[in-house]
Amino acid sequence: MRGEGTWPPHRGWGRGRGGAQPEPPSAADAAGWIRGRLPDDWFVEPPTITVDREEILIVGAIPPPEPSGDAAGEGTEAERAAAEQGRIARFREQTRDERIGIAQQIEHRYRRHASWGATCGETRELFTTQSVPVMTRLRQPQRVVLDTLVDAGVARSRSEALAWCVRLVGEHAEDWLDELRGAMSTVEDLRRKGPDLG
């Protein structure tokens with residue numbers, strides 16, 4: 001069963017000969033195109049748009065609910081969180097059909113799945129993100145690391161342990177990863193400006 005916001009892939013979008021996954025088209029302009037395509041009244045600020053080879057994730061901030069008490073700040077933490085979750089649920093339901101239409105346009109244009117999420121106050125929820133298998137070969141020292149995490153109960157399997165390691169690196173190396181992405185973007189800009197040898 002297909003999830004919310006997904007649609008049948010475009011012909012030719014998938015595995016090529018021999019099972020090799022072809023490179024998707026450039027999504028360098030995706031953030032700008034998507035922000036221009038979204039309705040102006042959905043989010044209180046420009047959404048965060050994250051792109052990789054398989055997926056484009058759009059996460060926007062929606063207005064928080066009014067405080068439940070007579071004065072700002074009143075009400076329990078649980079009530080605040082529940083109100084924010086309810087506001088996100090309302091946004092998800094009210095925008096579902098239009099988000100699916102926009103996702104189809106994104107997927108046709110960029111050959112990547114479009115996924116959605118929303119933040120409200122301190123609450124963040126992702127609706128339709130993809131879980132993509134990534135095959136890799138590991139030598140024994142790396143396998144021992146994964147097995148240690150499994151044996152310690154941190155993860156239930158090697159694949160879950162590997163995902164845990166990736167999340168940990170992402171959390172503790174975000175500044176370095178941002179610099180690396182910036183450098184890659186500069187290289188891509190220079191490549192596009194180079195001579196046409198075709």
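## The β3–β4 hairpin

Let's start with a turn: β3 and β4 form a hairpin with two residues between them, and Gly 121 in that turn has a positive phi of about 60 degrees. This is a predicted model, where local features need pLDDT of at least 70 and side-chain atom pairs count only at pLDDT 80 or more, while totals for chains, interfaces and linings use all residues. Residues are numbered from 1 along each chain as its sequence is written, and side-chain values use heavy atoms, with hydrogens and water left out.

Gly 117 sits opposite Leu 126 in β4.

## β3 and its other neighbour

β3 also pairs with strand β2 (residues 55–61), this time parallel, through seven bridges. Here Glu 55 stands opposite His 113 in β3.

Strand β3 (residues 113–120) is mostly covered, with six of its eight residues buried. Buried means under 20% relative accessible area with a 1.4 Å probe, counting protein chains only.

## The whole chain

Zooming out, the protein has five helices and four strands, in the order α-β-β-α-β-β-α-α-α along the sequence. Both are DSSP runs numbered from the N terminus: helices are H or I with at least four residues, strands E with at least two.

Of the 198 residues, 26% count as buried. Among contacts (heavy atoms within 4.5 Å) with a separation of 6 or more, 58% are between residues 24 or more positions apart.

## The largest pocket

The largest pocket has a volume of about 2,400 Å³. Of its 49 lining residues, Thr 50, Val 51, Asp 52, Arg 53 and Arg 181 are the closest to its centre. A pocket here is an open set of points on a 1 Å grid where a 1.4 Å probe fits, with protein on both sides within 12 Å along at least five of seven lines; lining residues have an atom within 4 Å of a point. The volume is the space filled by probe spheres set on the points, which are joined across faces, edges and corners.

Who builds the lining? β1 (48–51), β2, α3 (140–151), α4 (158–172) and α5 (174–193) each supply at least two residues, and α5 gives the largest share, 11 residues.

Terms used. Buried means under 20% relative accessible area, exposed over 50%, partly exposed in between (1.4 Å probe, protein chains only). Two strands pair if DSSP finds at least two bridges between them.
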